[in-house]
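Biologist: Hi! Could you walk me through this structure?

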Amino acid sequence: MRDFLRRLPKAELHLHIEGSLEPELMFSLAERNGIALPYASVEEVRQAYDFTDLQSFLDLYYQGMSVLRTADDFHDLAMDYFRRASAEGVVHVEMHFDPQAHLARGVELPVVMEGLSLARRRAQRELGMSTALIMAFLRDRPAEEAMEVMERAAPYWEMLDAVGLDSAEQGNPPAKFVEVFERARELGIPRVAHAGEEGPPAYIREALDLLDVCRIDHGVRCLEDPALVARLRDEGVVLTVCPLSNVRLRVVDRMADHPLPQLLEAGLRLTLNSDDPAYFGGGMLANFEACHEAFGWSREIFIQLAGTAIESAFMSDERRLALHRELARVP
Ligand code: ADE
Ligand code: ZN
């Protein structure tokens, strides 16, 4: 099964590129930039990754990204991830990035965009990997700041495949970001949002009704609201589910308790994703394998999930067709 899951052409729709920063690269970038880390070794970093909830993770996630300062750093971060993902059979990556977290440290948008753009072109050329870019707003910061970033991103609007909404969910409902998502809609930029990870099912409804999103990131708490589940099914809304993330952030206790089988049984359109692979113990392949181990899913189910990801990805019709063909021929 492991070999089959590796061969499966996988599209990853929910990845935070800053969350792909492995401790080894964190140390080498810290050294390159003369930044002191509060850890003595790579092992010590990994030991610190013992999270109790989303906030306990976010604290280390924002601290970790302090080593990213130059365009080269963002390029190296993304290429490091693209190479690892490619070796796991990932053929398409949609990366969220958090401009506000960088602006707050004095790292301007052009620096981030230059590094990520260079890496995206290289991934296409050297790995045959397609990529997409999702500019995420930090929901625990003021909506006015998100709007400012939206406008500052004007030179890059054409390069954005979508805008997203992430960071601490509880107490920061989608309603807070109506204006900025309306601005994105006016500009013709598609929208996605994290909802129903730690937050209530009502936030999933708000994301659909007020932000007009085309996908929900996580969304696992929808099961608490049967009418919402029926709506998600009827409207064919795709959930980008991140099983290992949910275990590590204690959304669920163990993989065996993960609601993926119920979500699938309910007829929802699902994809499997890694979220923040450097922090949660594995990339796409590890997430697929964890599902096989916990639920004993057949090849057909994995093919269905991989197919849904290709269907709902931000990619050209030509690329989509090529990947569907590749999926149909997987040995
Ligand atoms: N930012 C990075 N990873 C995240 C997650 N799992 N939820 C919310 N915000 C995030
Ligand atoms: Zn996420």
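Modeller: Happy to; we can go through the metal site, the annotated positions, the core and a few loop residues. One thing to keep in mind is that this is a predicted model.

Biologist: Good to know. Which residues coordinate the zinc ion (ligand 2)?

Modeller: The zinc ion (ligand 2) is held by His14 (NE2), His16 (NE2), His194 (NE2) and Asp275 (OD), at 2.0 to 2.2 Å. Along the chain, these donors follow the spacing H-x1-H-x177-H-x80-D.

Biologist: How many residues apart are His14 and Asp275?

Modeller: They are 261 residues apart, so to speak from distant parts of the chain: His14 is in strand β1, and Asp275 is in the loop between β8 (269–272) and α14 (277–280). His14 and Asp275 are both buried.

Biologist: And what about the geometry of the zinc ion (ligand 2) site?

Modeller: The site is irregular, with angles of 84 to 174° among the four donor atoms. For comparison, the ideal angle for four tetrahedral donors is 109.5 degrees.

Biologist: Let's look at His16. Is it buried or exposed?

Modeller: His16 counts as buried because its relative accessibility is 5%, and the cut-off for buried is under 20%. It lies in strand β1, which covers residues 10–16.

Biologist: What does His16 touch?

Modeller: Leaving aside neighbours within four places in sequence, His16 is in contact with Tyr61, His96, Asp166, His194, Asp275 and Asp276. Its side chain also makes a polar contact of 3.3 Å with the side chain of His14.

Biologist: Where does UniProt put the active site?

Modeller: The UniProt record, an unreviewed entry, places the feature "active site" at Glu197. Glu197 sits in the loop between β5 (192–195) and α10 (201–211).

Biologist: Is Glu197 buried or exposed?

Modeller: Glu197 is buried, with a relative accessible area of 4%. Its contacts, not counting residues up to four places away in sequence, include Glu169, His218, Gly219, Arg221 and Asp275. Asp275 is also one of the residues coordinating the zinc ion (ligand 2).

Biologist: Which domain does the record list for residues 9–328?

Modeller: The unreviewed UniProt entry gives "domain: Adenosine deaminase" for residues 9–328. Over that stretch the chain is 51% helix and 14% strand, and the end C-alpha atoms are 10 Å apart.

Biologist: New topic: the core. Which residues touch the most other members of the largest nonpolar core?

Modeller: Those are Phe82, Phe97, Phe137 and Trp297, in a core of 116 residues. Helix α5 (residues 71–87) gives the largest share of this core, seven residues. As a general point, nonpolar side chains in soluble globular proteins tend to be buried together.

Biologist: Now the backbone. What is phi of Ser167?

Modeller: Phi of Ser167 is near 80°, a positive value in a residue other than glycine. Most residues other than glycine have a negative phi. Ser167 lies in the loop between β4 (162–166) and α9 (178–186).

Biologist: What does the Ser167 side chain pair with at 3.0 Å?

Modeller: The side chain of Asp140, through a polar contact.

Notes
Residues are numbered from 1 along each chain as its sequence is written. Chains are lettered from A and ligands numbered from 1 in the order in which they are written. This is a predicted model: local features need pLDDT of at least 70, side-chain atom pairs count only at pLDDT 80 or more; totals for chains, interfaces and linings use all residues. Side-chain values use heavy atoms; hydrogens and water are left out. UniProt positions are given in the numbering used here, feature names are shortened, and annotations may be inferred rather than shown by experiment. Helices (H or I, at least four residues) and strands (E, at least two) are DSSP runs, numbered from the N terminus. Buried means under 20% relative accessible area, exposed over 50%, partly exposed in between (1.4 Å probe, protein chains only). Contact means heavy atoms within 4.5 Å. A nonpolar core is a set of buried Ala, Val, Leu, Ile, Met, Phe, Trp, Tyr and Cys residues joined through side-chain atoms within 4.5 Å. A polar contact is a pair of N or O atoms within 3.5 Å; within protein, one must be able to donate a hydrogen and the other to accept it, and residues adjacent in sequence count only if both atoms are side-chain atoms. Donors are N, O and S atoms within 2.8 Å of the metal (3.2 Å for Na, K and Ca); water is not among the atoms, so sites may look incomplete. Four donors count as tetrahedral if all angles lie between 85 and 135 degrees; four count as square planar and six as octahedral if opposite donors are over 155 degrees apart and all others between 65 and 115; anything else is irregular.
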